[in-house]
Amino acid sequence: MPGTLYLVATPIGNLADITLRALDVLRSVDIIACEDTRHTRKLLAHYQISTKLVSYHEHNEDARAEELAGKLAAGASIAVVSDAGTPGICDPGFKVIGRAIDAGANVISIPGACAFVLAAVTSGIGTDAIYFGGFLPARSGERRRRLAEVADIPATLIFYETPHRIAASLKDCAAVLGDRNAAAARELTKLHEETRRGTLTELASFY
């Protein structure tokens, strides 16, 4: 019988933010596929877990997905983790999930931390409908075109951005989306966690 692929959410900062079920799965599977073995090994060491690790990242995703699918077809149980948060959300994972489904394996998600969800609920902005757009393009022109495509979606818009581009991105957001209320969240679950709220212009000026 084909095995099971577990998509295991891991902490985004605070190591205590992992579920008992996630720990049970990480202990019991045959293999853990992770973005960075050094990073994941720290988490496993903290919880005294010695399961075998293999790397699974954007540079080896195609080959590794085929390899893992073969193991699943042979009955192995495999957990996929990202460096932080829920695998498959702006991280590798999509291809191995597809290959696992094709191989007839069970695919089970083990819930836990997801940064954009935490940011949404602490923002103070409505969450009846949200649109998650992942990372915005690095260049201003492309970024503004992307923002224009989603400007009229009747939902709270959520994006990831790198620290060195946040000011420029907020400025583009204000220019394209209008000076609407917004929030910028950083270091979530960590010592210096902060959510700053204001208009897009105010936030762009601050950063």
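This is a predicted model: local features need pLDDT of at least 70, side-chain atom pairs count only at pLDDT 80 or more; totals for chains, interfaces and linings use all residues.
## Overall features

The chain contains eight helices and nine strands. Its C-alpha trace spans about 55 × 35 × 30 Å along the principal axes. Of the 207 residues in the chain, 43% are buried.

Contacts between residues at least 6 apart in sequence were also sorted by separation: 66% of them join residues at least 24 apart.

## The five-stranded sheet

Five strands form an open sheet in the order β3-β2-β4-β1-β5, and their pairing is parallel. The edges are taken by β3 (52-55) and β5 (106-110); each has a single partner strand, so one side of each is left without a neighbour in the sheet. On average, and with direction ignored, neighbouring strands of this sheet are turned by 25 degrees against each other.

Within the sheet, strand β1 (residues 4-8) pairs with strand β4 (residues 77-81) in the parallel sense, over four bridges. L7 has V80 in β4 as its bridge partner.

## Helices packed on the sheet

Helix α1 (residues 20-28) packs on the sheet and touches β1, β2 (31-34), β4 and β5. The direction of α1 makes about 135 degrees with that of β5.

Helix α4 also packs on the sheet, where it touches β1, β4 and β5. The direction of α4 makes about 155 degrees with that of β1.

## The α3 and α4 pair

Helix α3 (residues 61-73) and helix α4 (residues 94-102) have axes that come within 9 Å and cross at roughly 30 degrees. Because this angle is under 35 degrees, α3 counts as roughly parallel to α4. The crossing of α3 with α4 is right-handed.

On the α3 side the contact is made by E61, D62, A65, E66, L68, A69 and L72. On the α4 side the residues are F94, K95, V96, R99 and A100. Sorted by class, this contact has seven nonpolar and five charged residues, and no polar ones.

## The α6 and α7 pair

The axes of helix α6 (residues 140-150) and helix α7 (residues 166-177) come within 9 Å and cross at roughly 45 degrees. The two helices are therefore oblique to each other. Their crossing is right-handed.

From α6, the contact involves S140, R143, R144, L147 and A148. From α7, it involves A168, S169, D172, C173, A175, V176 and L177. By class, the contact of α6 with α7 has seven nonpolar, two polar and three charged residues.

R64 is found in helix α3. With a relative accessible area of 17%, R64 is buried, because the cut-off for that class is under 20%. Apart from its neighbours within four places in sequence, R64 is in contact with V54, S55 and Y56.

E58 lies in the loop between β3 and α3. E58 is exposed, with a relative accessible area of 62%; the cut-off for that class is over 50%. The C-alpha atom of E58 is separated by 31 Å from that of S123, and these two residues are 65 residues apart along the chain.

How values were computed:
Residues are numbered from 1 along each chain as its sequence is written. Side-chain values use heavy atoms; hydrogens and water are left out. Axes are lines fitted to C-alpha atoms, for helices over the stretch in contact, and angles run from 0 to 180 degrees between N-to-C directions. Angles under 35 degrees count as roughly parallel, over 145 as roughly antiparallel, 65 to 115 as roughly perpendicular and the rest as oblique. A crossing is left-handed if the near helix is turned anticlockwise from the far one by less than a right angle, and right-handed if clockwise. Contact means heavy atoms within 4.5 Å. Ala, Val, Leu, Ile, Met, Phe, Trp, Tyr, Cys and Pro count as nonpolar, Asp, Glu, Lys and Arg as charged, and the others, Gly among them, as polar. Buried means under 20% relative accessible area, exposed over 50%, partly exposed in between (1.4 Å probe, protein chains only). Two strands pair if DSSP finds at least two bridges between them.
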